[in-house]
Amino acid sequence: MTYLIRTVIPKAFNIVQQVLPVRGHTLEEGYGVRANVGGYCKENGYHKVLIITDENLIKLGLLDSVTDSLEANGIEYCIYDKVLPNPTFAMVDEATVIGLKHEVQCIIAFGGGSVLDTAKVASGCMKAPHLSSKFMTCQYVLTALNNAVPMITIPTTAGTGAETTLGVVISDNITHTKYGSITFYTRIKHIILDTELTVGCPPYVTATTGFDALVHGIEGHISAVHHRKGSHRGTYSMECIRLAWENLRKAYYDGNDLEARANMAKSAYLGGLTINYESLGYGHSFGHTIGAKYNIPHGASLSISMPPVMRYSKDKIKDAVADIAINLGMGDESQSADELFEIFMDELTALIRELGLPEYCDEIKKEDYPDMIANVMRDSCLWAIPDVYTYHDAEKIFDKMSGNMLNVSEGSKAVMPMSNMEKGLRLGILGGTGLLALIGLKKNKKLCVPFVLAAAFHALEYIADKMANNKR
């Protein structure tokens, strides 16, 4: 359905990657290092800070060393602790009001992905209080050049990589619709990976979050984005994969293994960098879709979606997967890419089973296909996919994800050729946005390039949806 634009975007993204500046941050790792946050704030002139967290973390006493450190360094702080597992725009608004009232200079985001996502959007809203939180989340092309309050992120889980990513997922508290977006304005200045926070994490939570980190590395490594020569960007995905592969089982079986916990935290962090610089792919798009539809934890939805997606795109990704297999010691260069691909897939399936994660989703229904496939095609993770799926391809993937209980694709007449009108509209908009990009470059506004491309991407996705209407 979106063949043209999905083929063009990765090529354009590769070019943009060569000119985009790298936003720096400092990283602090170790057991109990969150107790140093007050000193960091004092050194950087943050005298008033807002802590965004959730009530459970406060009840567990995990925030105490943070507040003690702030008090010891004379830092004033206020707390917003009403973030729930699925954050809403209303929560962002409440946090923003508190931050503005106390005129804070920095935000400390202490928690899991929901807390970190809430803090990212709130950081932008505090600098642009005239714009709604929904606007700051959804209209990221228009808000990209906005400033934001600096952030310190302290993740309490090891998987999402949200402590460093620009992506967020926020729900509309009225319609309950989830909006995935990119907060280009976010200014994460300092990241604290405190091993103590994940010690004793339950095995299943360890499995789902850890598998998420592993998939970030895998999808980044097989993406169509190539990296700036001479930089470290090309190493993020492989190191993320290696750390997760070597430590996830250890952390799963022994929640008190400090070395394994520290390595999983580092893997999650590197997975976040992988998302920023290498993007994700269809594994996450299908995972997001069934996760939202059938209320499946994110890591579990990925264990269902990744194997069929990887097998379906084998011809396009087998060389990259072979590279992963060799680096993990599963084989060597004397073996063919096909053989190494199968070895890795067998090992991945074995890991999924060992961690007690699901392989299939028996809740998938054929009547859900049209809406779910539309959601897959609109997902924000498809910037750098190595393969491009049609509607019929997506049907086949969902058939596999159902455990082959459904064979919708067998009798499907879903053929999605692009009409001349559709091609003309796509090329016209792409040409227009390309012209705007050139104008922006002449004015030394390099950052306008990815945002203009993003606008074209979503505009064309919308047009394709309306015109094709998911014909079957």
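Predicted model: local features only at pLDDT ≥ 70, side-chain atom pairs only at ≥ 80, totals over all residues.
Me: What counts as a disulfide here, and how many does the structure hold?
Reply: A disulfide is a pair of cysteine sulfur atoms within 2.5 Å, and the structure holds zero of them. Residues are numbered from 1 along each chain as its sequence is written, and side-chain values use heavy atoms, with hydrogens and water left out.

Me: Why is cysteine 106 called buried?
Reply: Buried means under 20% relative accessible area, exposed over 50%, and partly exposed in between (1.4 Å probe, protein chains only). Cysteine 106 has a relative accessible area of 0%, so it is buried.

Me: And what makes cysteine 361 buried?
Reply: Its relative accessible area is 3%, so cysteine 361 is buried too.

Me: How do you know that β4 and β5 pair?
Reply: Helices (H or I, at least four residues) and strands (E, at least two) are DSSP runs, numbered from the N terminus. Two strands pair if DSSP finds at least two bridges between them. β4 and β5 have five bridges, in the parallel sense, and alanine 109 stands opposite threonine 153 in β5.

Me: What makes β5 and β8 a pair?
Reply: Strand β5 (residues 151–155) and strand β8 (residues 188–194) share three bridges, again in the parallel sense. Threonine 153 stands opposite isoleucine 191 in β8, and methionine 151 has isoleucine 188 as its bridge partner there.

Me: Why are β1 and β3 said to stand at the edges?
Reply: Six strands form an open sheet in the order β1-β8-β5-β4-β2-β3, with parallel pairing. β1 (26–30) and β3 (76–80) each have a single partner strand, so one side of each is left without a neighbour in the sheet.

Me: What makes β5 mostly covered?
Reply: Five of its five residues are buried. Met151, Thr153 and Pro155 point one way from β5, while Ile152 and Ile154 point the other way.

Me: Why is α9 called oblique to α12?
Reply: Axes are lines fitted to C-alpha atoms, for helices over the stretch in contact (heavy atoms within 4.5 Å). Angles run from 0 to 180 degrees between N-to-C directions. Under 35 degrees counts as roughly parallel, over 145 as roughly antiparallel, 65 to 115 as roughly perpendicular and the rest as oblique. The axes of α9 (residues 203–221) and α12 (residues 282–294) cross at roughly 140°, which makes α9 oblique to α12.
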